[in-house]
Amino acid sequence: MPLAPVNGISLYYEVKGSGSPLVLVHGFACGLRLWDPQVRAFAPRRRVVTYDVRGHGLSDAPADSAAYSQPISVADLRGLLEHLKIKRAVLGGLSMGGNIALNFAIAHPDMVSGLIIADTGAGSDGTAEWVAGTHAFAEVLERQGLEAFADMALANPLFARYLAQGPEAARFIRSCLMTHRAHGIAHTAREVLAKRPTIYALEAELRRLRVHTLLIVGEHDDPCLKVHRFMADTIPGAKHVLLRGDGHLTNLEAPAAFNAAVRAFLSRRGAP
């Protein structure tokens, strides 16, 4: 089983294909299976790296809540790239993973040849309500366990449009949600999601960012629409793509359109 020793823990990762690296960071409570449609699409021409973020899937889930934070997530990603001897990569992330990827690019722009940010920034608006929701997730995880958390998560509007595709979508998401340890997801909710800075708080850093950037957001991803527009207006030269009819999980809801946007971005003149 491929494990990278990073910052005192082990991160589980998978590598498919060969060529220029494309590293993808998953969303909260999803795990690396979130990226299956993109791995299939891009591994024939690229070295596609996916991994379970600390607290998720087959990666270690420390018992101490102090072992979780946004800066630690960024440091873990750097450690993984160093373990794989990747000096520079196209980096992508969705939702929580987009937040990690964006903050990584701010901290280590020399290691990022291209940046793909999808459906990112929930909690930047309505922050108090967002924080209360993340704490509610953590409390359910700690008191009732993963199954009750999965029921609660599947009732969240962020999943609604993907789940509307039918039973197969519901089975896939539930299987993703059930692959973790409850305390790892609870700590991630409280220490990462609830405490990370809003995207708006990064305005000065975003204006200085000189990394080719693609922004993808679903038309019905209400918590992320305004903040994606802000990123498009703030990051120099950013390409903004709105996927009509889609919600929060654009890479799963519309994989063909999502992959087409990424493929066009990667082939653009001057892009990696």
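What radius of gyration would a compact globule of 272 residues have, and what does the chain have? A compact globule would come near 19 Å, and the chain has 17 Å, which agrees. The radius is taken over C-alpha atoms, and the globule rule is 2.2 Å times the number of residues to the power 0.38.

The model is predicted: local features need pLDDT of at least 70, side-chain atom pairs count only at pLDDT 80 or more, and totals for chains, interfaces and linings use all residues. Residues are numbered from 1 along each chain as its sequence is written, and side-chain values use heavy atoms, with hydrogens and water left out.

**View 1. The whole chain.**
The chain has 12 helices and 8 strands. These are DSSP runs numbered from the N terminus: helices are H or I with at least four residues, strands E with at least two. The C-alpha trace spans about 50 × 40 × 40 Å along its principal axes. Buried residues make up 58% of the 272 residues. Buried means under 20% relative accessible area, exposed over 50%, partly exposed in between (1.4 Å probe, protein chains only). Among contacts between residues at least 6 apart in sequence, 77% join residues at least 24 apart. A contact means heavy atoms within 4.5 Å.

**View 2. The open sheet.**
8 strands form an open sheet with mixed pairing, in the order β1-β2-β4-β3-β5-β6-β7-β8. The edges are β1 (3-6) and β8 (239-243); each has a single partner strand, so one side of each is left without a neighbour in the sheet. Neighbouring strands are turned by 25° against each other on average, direction ignored. Two strands pair if DSSP finds at least two bridges between them. Strands β5 (residues 89-94) and β6 (residues 112-118) pair in the parallel sense over 6 bridges. Here G93 stands opposite I117 in β6.

**View 3. Helices on the sheet.**
Helix α3 (residues 96-107) packs on the sheet and touches β3, β4 (47-51), β5 and β6. Its direction makes about 145° with that of β5. Helix α10 (residues 222-234) lies across β6, β7 (213-218) and β8, running at about 160° to β7. Axes are lines fitted to C-alpha atoms, for helices over the stretch in contact; angles run from 0 to 180 degrees between N-to-C directions.

**View 4. Aromatic pairs.**
The structure holds 5 aromatic pairs. The rings of F28 and F149 have centres 6.1 Å apart and planes at 80°, so this pair is edge-to-face. F28 lies in the loop between β3 (21-25) and α1 (36-42), and F149 in helix α5 (residues 146-154), so the pair ties together parts 121 residues apart in sequence. F28 counts as buried at 13% relative accessibility, and F149 is buried at 1%. The rings of W35 and F258 have centres 6.4 Å apart and planes at 50°, so this pair is tilted. W35 sits in the loop between β3 and α1, F258 in helix α12 (residues 255-267), 223 residues apart. F28, F137 and F149 form one aromatic cluster. Rings of Phe, Tyr and Trp (its six-membered ring) pair if their centres lie within 6.5 Å; planes under 30 degrees apart count as stacked, over 60 as edge-to-face and the rest as tilted.

The buried residues of α7 (residues 167-177) are A169, I173, C176 and L177. They cover an arc of only 100° around the axis, which puts them on the same side of α7. The arc is that of the directions from the helix axis to the C-beta atoms. The buried residues of α7 pack against α5, α6 (157-163) and α11 (250-253). The face turned away from the buried side carries the exposed residues P167, E168 and R171.
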